[in-house]
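Welcome, and thanks for taking a look at this one. Please open the structure below and keep it at hand while you read.

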Amino acid sequence: MIMLENYFPVLVFVLVGIVFGCAPIVLGWLVGPRRPYAEKNSAYECGFEAFEDARMKFDVRYYLIAIIFILFDLEIAFLFPWASIFKEIVSSESMKMFGFIEMLVFLGILLLGFIFAWAKGALDWE
Amino acid sequence: MDLKTAIFYFLATILVLASVRVITARNPVHAVLFLVLAFFTASGLWLLLQAEFLAISLVMVYVGAVMVLFLFVVMMLDINIARLRQGFWTYLPLGAAIGLLMLAEMALVLGGRYFWLEAMPEPAAPAAGYSNTKELGRLLFTDYVYPFELASVILLVAIIAAVMLTRRIRADKIHQNPREQIAVQRNDRIRIISMPSEKE
């Protein structure tokens with residue numbers, strides 16, 4: 001029960017976010033005039049009929065950027081528990097350098113991937 | 001029923017409903033958005049279990065990165081729903097057989113023996129000042145160092161695979177090399193020749 005009280009600010013934050021997002025929509029719906037007719041509801045593309053569907057094949061490099069983002073996002077996620085116990089690790093005698101070096105090895109292996117992606121031009125758009 | 005149980009049932013109901021909608025929604029974009037809702041409520045459940053770090057990384061990694069990628073893929077693929085539904089009855093026997101097999105396997109693993117209330121006693125209440133993130137870090141960086149380093153190798157393999165799979169050289173690429181442009185000397189471009197002046 002103690003723990004749930006700690007999350008009260010988060011709950012308030014979420015509620016304020018929801019209200020902030022929904023209030024303009026509800027207000028617009030309540031206050032704004034609505035006089036729809038067939039022409040107003042039809043799709044409008046610069047004055048002529050729509051050529052094609054909005055869904056189309058997209059350049060694969062877009063996904064490459066997204067995948068690389070996910071992988072380095074995961075790498076960062078591993079850093080948080082390490083950072084939270086870092087002081088504890090370096091203050092203990094037996095683990096002193098070990099706790100530091102193991103993270104350097106982890107980051108070093110991923111640095112290889114970063115260099116590879118950079119060298120192959122995966123980070124360039126053109 | 002205390003507040004914690006009430007919150008659990010509230011979140012669990014949303015989670016189950018959202019998961020059902022993921023597989024029943026006609027529009028794939030709606031299905032992805034319901035999956036996002038399912039991840040959010042699952043992270044709420046993990047918060048109830050005091051697994052704060054896992055809850056936040058679920059939101060950060062899955063909602064923030066994986067689901068955005070899913071949404072891109074779903075929005076950008078030109079999916080023809082009518083054509084997708086065409087082969088439904090021909091694929092049904094094979095699909096149903098594989099589904100039943102997977103269900104049987106899961107029932108063997110999850111059934112009775114390990115997931116009974118008796119087999120899973122309530123864990124001891126954590127001490128005051130308990131931090132899930134610190135406990136996780138302590139385990140991850142002492143007992144499980146080797147799997148932790150292996151995780152980085154797996155991520156490295158994923159980076160290399162993603163780069164190699166999507167790499168292609170475009171033949172119609174037009175580009176400038178700025179270094180060459182700057183390094184150009186006068187002699188590369190013009191040639192001065194001496195010739196006698198001419199009279200009309």
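Here is a short briefing on the two chains, how they meet, and a few residues to look at along the way.

The model is predicted. Chain A has 6 helices and 0 strands, while chain B has 9 helices and 0 strands. Between the chains, 42 residues of chain B are in contact with 43 residues of chain A.

**The two chains**

- Of the 126 residues in chain A, 13% are buried.
- Chain B, again from the N terminus, runs α-α-α-α-α-α-α-α-α.
- Buried residues account for 10% of the 200 residues in chain B.
- Among the contacts in chain B with a separation of 6 or more, 55% are between residues 24 or more positions apart.
- Chain B is divided into domain 1, residues 1-79, and domain 2, residues 129-166.
- The centres of domain 1 and domain 2 of chain B, taken over C-alpha atoms, are separated by 23 Å.

**The side of chain B that touches chain A**

- The contact between the chains involves 42 residues of chain B and 43 residues of chain A.
- On the chain B side, α1, α3 (52-76), α6 and α7 (145-166) each supply at least two residues.
- The largest share of that side comes from α7(B), with 13 residues.
- By class, the residues on the side of chain B that touches chain A are 28 nonpolar, 7 polar and 7 charged.

- Two packed helices are described by the angle between their axes and the distance between the axes.
- For helix α6 of chain A (residues 98-119) and α7(B), the axes come within 9 Å and cross at roughly 5 degrees.
- With that crossing angle, α6(A) and α7(B) are therefore roughly parallel to each other.
- From α6(A), the residues making the contact are Glu102(A), Val105(A), Phe106(A), Ile109(A), Leu110(A), Leu112(A), Gly113(A), Phe116(A) and Ala117(A).
- From α7(B), the partners include Val145(B), Phe148(B), Glu149(B), Ser152(B), Leu156(B), Ile159(B) and Val163(B).
- The contact of α6(A) with α7(B) has 15 nonpolar, 2 polar and 2 charged residues.

- On the α4(A) side the contact is made by Phe80(A), Pro81(A), Trp82(A) and Ser84(A).
- On the α6(B) side it is made by Thr133(B), Lys134(B), Leu136(B), Gly137(B) and Leu140(B).
- The residues of this contact between α4(A) and α6(B) divide into 5 nonpolar, 3 polar and 1 charged.

**A closer look at α4(A)**

- How far apart are the end C-alpha atoms of α4(A)? They are 38 Å apart, which agrees with the 36 Å that its 25 residues should span at 1.5 Å a residue.
- The buried residues in α4(A) are Ile67(A), Leu71(A), Leu74(A), Glu75(A), Phe78(A), Pro81(A) and Trp82(A).
- Pro81(A) and Trp82(A), buried in α4(A), also take part in the contact with α6(B).

- Ile14(B) lies in helix α1 of chain B, which covers residues 3-24.
- Is Ile14(B) buried or partly exposed? Ile14(B) has 17 other C-beta atoms within 10 Å, so it is partly exposed.
- Ile14(B) and Leu37(B) are 23 residues apart in sequence, and their C-alpha atoms are 8.3 Å apart in space.
- Gln50(B) lies in the loop between α2 (28-48) and α3 of chain B.
- Most residues other than glycine have a negative phi.
- The phi of Gln50(B) is near 65 degrees, a positive value in a residue other than glycine.
- Gln50(B) is partly exposed because 16 other C-beta atoms lie within 10 Å.

Key. Residues are numbered from 1 along each chain as its sequence is written. Chains are lettered from A and ligands numbered from 1 in the order in which they are written. This is a predicted model: local features need pLDDT of at least 70, side-chain atom pairs count only at pLDDT 80 or more; totals for chains, interfaces and linings use all residues. Helices (H or I, at least four residues) and strands (E, at least two) are DSSP runs, numbered from the N terminus. A residue is buried if 20 or more other C-beta atoms lie within 10 Å of its own, exposed if 12 or fewer, and partly exposed in between; C-beta atoms are placed from the backbone. Two residues are in contact if their C-beta atoms, placed from the backbone, lie within 7 Å. Ala, Val, Leu, Ile, Met, Phe, Trp, Tyr, Cys and Pro count as nonpolar, Asp, Glu, Lys and Arg as charged, and the others, Gly among them, as polar. The expected span of a helix is 1.5 Å times one less than its number of residues. Domain bounds come from an automatic or database domain assignment. Axes are lines fitted to C-alpha atoms, for helices over the stretch in contact, and angles run from 0 to 180 degrees between N-to-C directions. Angles under 35 degrees count as roughly parallel, over 145 as roughly antiparallel, 65 to 115 as roughly perpendicular and the rest as oblique.
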